[in-house]
Amino acid sequence: MAHVSLKALEKIYPNGYHAVHGTDLEIQDGEFIVLVGPSGCGKSTLLRMIAGLEDITSGDLEIGDRWVNDLDPADRDIAMVFQNYALYPHMTVYNNMAYGLRNRKISKEDIDAAVRGAADMLNLNDYLDRRPSQLSGGQRQRVAMGRAIVREPALFLFDEPLSNLDAKLRNQMRIEIRNLQKKLGTTSVYVTHDQVEAMTMADRIVVLNAGQIEQIGTPAEIYHQPASVFVASFMGAPPMNMLEATLNGAGAIEVAGLGAIGALNSTPYSGPVKVGIRPEKVKLSNRQEGDNQPFIHEFTEELGAARLVHGRLGDMPFVVNLHQEDMIPEGALFASLPVETLHVFEADTGKRVAV
Amino acid sequence: MKSSVTSATNLPKINRRRRLVKWETVIDHSVLILGSALMLFPVLLTIMTSSYDKLAFAKNGLQFGWSDKFIENYNKALFEPSGFSGTIDGMTMLSNSLILGLGFAVGKIVISMMAAYAIVYFRFRFATFSFWIIFTTLLLPLEVRILPSYEVIQSFGLTNTYTGLIVPLIASATGTFFFRQFFRSVPEELVEAARIDGAGPVKFFIDILVPLSKTMIAAMFIIMFVFGWNQYLWPTLITTEEGMFTLVRGIKNIIQSFTDSNAIPEYGVGMALTIITMLPPVLIVVFFQSWFVKGLTESDK
């Protein structure tokens with residue numbers, strides 16, 4: 001149990017590649033932080049820097065109240081769960097979990113108690129004498145979790161632990177990991193590229209892009225108040241619709257090729273912007289009214305609980321997410337974009353415009 | 001229902017076709033049997049000849065049959081002191097050969113594993129370069145460097161010692177290469193997991209890498225043991241005392257020493273000794289065969 005603080009952490013590889021730019025992050029005691037971003041955004045590098053598997057080029061890393069920049073991974077009081085589990089193939093499940101404790105010269109009885117306790121928690125009691133190769137993917141993942149738990153570390157690190165599992169198991173393990181973490185109350189940092197994992201598991205999400213933090217916030221904040229175009233289009237499936245537009249000083253939004261779609265209450269900003277709207281916020285009708293815009297319907301994806309209506313607004317691709325009960329109206333379609341649901345970003349910097 | 005009916009009507013046809021296929025298997029097997037007979041025939045001849053006394057061989061050459069001197073010849077080969085000094089028997093040579101074979105195999109495995117470990121896991125400068133340097137020593141087999149090697153061993157006073165017999169042959173580019181390839185296939189995460197689990201370099205090597213490589217080690221052991229066992233040139237050079245002779249070199253010695261004294265060489269005993277020489281490598285290959293195949297084809301991951 002510990003808080004973790006990252007101060008201006010930098011990672012520059014010997015070949016000059018700047019993987020992580022000055023990163024500041026305060027992780028509270030017992031918090032579940034998810035680092036999310038596209039591949040190559042530096043999220044794994046950042047995690048491995050916390051673990052001590054990558055050197056820190058500059059900046060400070062504290063776990064608990066200790067400055068750990070130069071400590072070996074083994075001395076940082078952390079445990080890590082790897083994507084491919086990284087179980088020792090020649091050891092039984094029991095020994096896999098006990099190995100780290102044995103290296104720390106803990107007494108046999110204590111090791112036994114810790115391993116059996118973890119096995120109880122993870123339903124691994126019947127498998128303690130098996131080898132990893134005799135286990136299913138989900139069980140291997142549990143063993144990897146068990147190996148982390150027995151150590152009672154100050155910090156759990158997860159490096160895309162669920163990406164080798166099939167979809168069903170992934171959902172189940174996601175819940176298991178989250179429950180376990182809540183029960184143990186151990187501070188956790190979890191890396192994933194899967195936004196569903198990020199949204200469902202995190203206390204706070206850190207969205208990374210090109211080695212820089214785009215936004216830190218609760219899942220709701222990230223979803224409803226994205227700080228940049230990148231966050232807006234990365235989080236959410238289907239992604240947010242983005243329209244090129246201009247904002248004149250009075251707050252009126254003029255979409256390229258469409259005309260005015262409404263006016264914001266007040267904003268001092270004027271100039272080119274990107275206007276985003278979540279597909280589920282768009283309303284479709286077959287009557288032109290107010291500021292709604294002609295929508296050219298191309299095809300529909302049926303998802304069961306919802307349907308995705310793909311088409312164009314002007315010449316820009318546009319997706320509408322309709323609830324299953326909402327039928328697609330007959331005839332020519334018009335999309336209305338409620339002004340209060342719009343997200344406005346500066347076109348050149350991608351930053352959110354305060355509304 | 002329908003499918004079972006069609007399959008029933010198809011059955012005789014399939015059977016007829018199978019009988020045709022069987023001709024091919026007959027041919028395949030005859031080729032294989034012929035091949036193995038050809039390979040085994042000299043061994044068989046040697047075994048049979050080893051049951052005759054020396055005169056039979058001197059008069060009629062190799063024998064295809066069975067005589068009554070079998071036990072006597074093997075007894076002589078193993079237990080009767082012979083050689084120029086009359087101090088060396090088959091058992092001594094057998095134990096010398098075993099020491100050479102085992103020392104050779106174990107030494108090669110230990111050295112090449114450690115070399116490969118250093119090359120793969122420690123990012124020291126010129127690691128790749130030193131690997132290729134090691135690799136190029138494949139171009140310098142013992143025969144090429146035999147004079148300098150002999151000079152070195154001789155100047156250390158290591159002639160007629162096991163050390164002198166084994167150590168110069170121990171460095172192994174092939175072994176290093178095989179272990180390097182194997183270590184590189186061990187997932188990086190395993191190393192990292194071990195680091196987080198508090199295993200230092202030595203602990204990681206002993207606790208994780210060595211157990212993971214055990215099939216590989218077994219395969220290397222077989223190859224190296226047989227290779228060491230069959231060494232002829234180096235033992236011939238380095239051992240001058242008969243007490244240090246290995247089997248491979250002793251066979252020739254038995255026959256030669258009698259030739260020099262104008263007697264008829266003990267051919268029967270020589271044949272017996274040849275068979276004895278062949279046995280240990282054969283046994284090792286037979287016993288470790290499954291490990292051997294495993295080590296070269298699959299990895300335990």
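This is a predicted model: local features need pLDDT of at least 70, side-chain atom pairs count only at pLDDT 80 or more; totals for chains, interfaces and linings use all residues.

Trainee: How many bridges hold E4(A) and E5(A) in their pairing?

Mentor: Two bridges, in the antiparallel sense, with E4 of chain A covering residues 58-63. Glu62(A) has Trp67(A) in E5(A) as its bridge partner.

Trainee: Let me zoom out. How many helices and strands does chain A have?

Mentor: Chain A has eight helices and 20 strands. Its C-alpha trace spans about 75 × 45 × 35 Å along the principal axes. Of the 355 residues in chain A, 53% are buried. Taking contacts in chain A between residues at least 6 apart in sequence, 64% join residues at least 24 apart.

Trainee: What about E3(A), how many of its residues are buried?

Mentor: Five of its five, so to speak: E3(A) is mostly covered. Phe32(A), Val34(A) and Val36(A) point one way, Ile33(A) and Leu35(A) the other way, and all are buried. In a regular strand, side chains alternate between the two faces of the sheet.

Trainee: Which way do E3(A) and E8(A) run, parallel or antiparallel?

Mentor: Parallel, joined by five bridges. Val34(A) has Tyr190(A) as its bridge partner in E8(A). E3(A) also pairs in the parallel sense with strand E9 (residues 204-209) of chain A, over four bridges. There, Leu35(A) has Val206(A) in E9(A) as its bridge partner.

Trainee: Switching to H5(A): what length should its 18 residues span?

Mentor: At 1.5 Å a residue, helix H5 (residues 167-184) of chain A should span 26 Å, and its end C-alpha atoms are 26 Å apart, which agrees.

Trainee: Which of its residues are buried?

Mentor: Met173(A), Arg174(A), Ile177(A), Arg178(A), Leu180(A) and Gln181(A) are the buried residues of H5(A). Looking down the axis of H5(A), they fall within an arc of 165 degrees, so they line one face of the helix. On the other side of H5(A), Lys168(A), Lys182(A) and Lys183(A) are exposed.

Trainee: What covers the buried residues?

Mentor: The cover of H5(A) includes strand E3 (32-36), helix H3 (108-121), helix H4 (137-149), strand E7 (155-159), strand E8 (187-192) and helix H6 (195-201) of chain A. After H5(A) comes Gly185(A), with a positive phi near 65 degrees.

Trainee: And the sheet with E13(A), what is its strand order?

Mentor: E13-E12-E11-E14-E20 in chain A, an open sheet of five strands with antiparallel pairing. The twist averages 40 degrees from one strand to the next. Strand E12 (residues 252-255) of chain A is joined to E13(A) by four bridges, and Ala252(A) stands opposite Ala263(A) in E13(A).

Trainee: Last topic, chain B. Where does UniProt place the feature "transmembrane region"?

Mentor: The unreviewed UniProt entry places it at residues 26-48, 98-119, 126-142, 162-183, 204-227 and 267-293 of chain B. In the model, residues 162-183 of chain B are 73% helix and 0% strand, with end C-alpha atoms 31 Å apart. Residues 204-227 of chain B are 96% helix and 0% strand, with end C-alpha atoms 30 Å apart.

How values were computed: Residues are numbered from 1 along each chain as its sequence is written. Chains are lettered from A and ligands numbered from 1 in the order in which they are written. Side-chain values use heavy atoms; hydrogens and water are left out. Two strands pair if DSSP finds at least two bridges between them. UniProt positions are given in the numbering used here, feature names are shortened, and annotations may be inferred rather than shown by experiment. The expected span of a helix is 1.5 Å times one less than its number of residues. Buried means under 20% relative accessible area, exposed over 50%, partly exposed in between (1.4 Å probe, protein chains only). The arc is that of the directions from the helix axis to the C-beta atoms. Contact means heavy atoms within 4.5 Å. Axes are lines fitted to C-alpha atoms, for helices over the stretch in contact, and angles run from 0 to 180 degrees between N-to-C directions.
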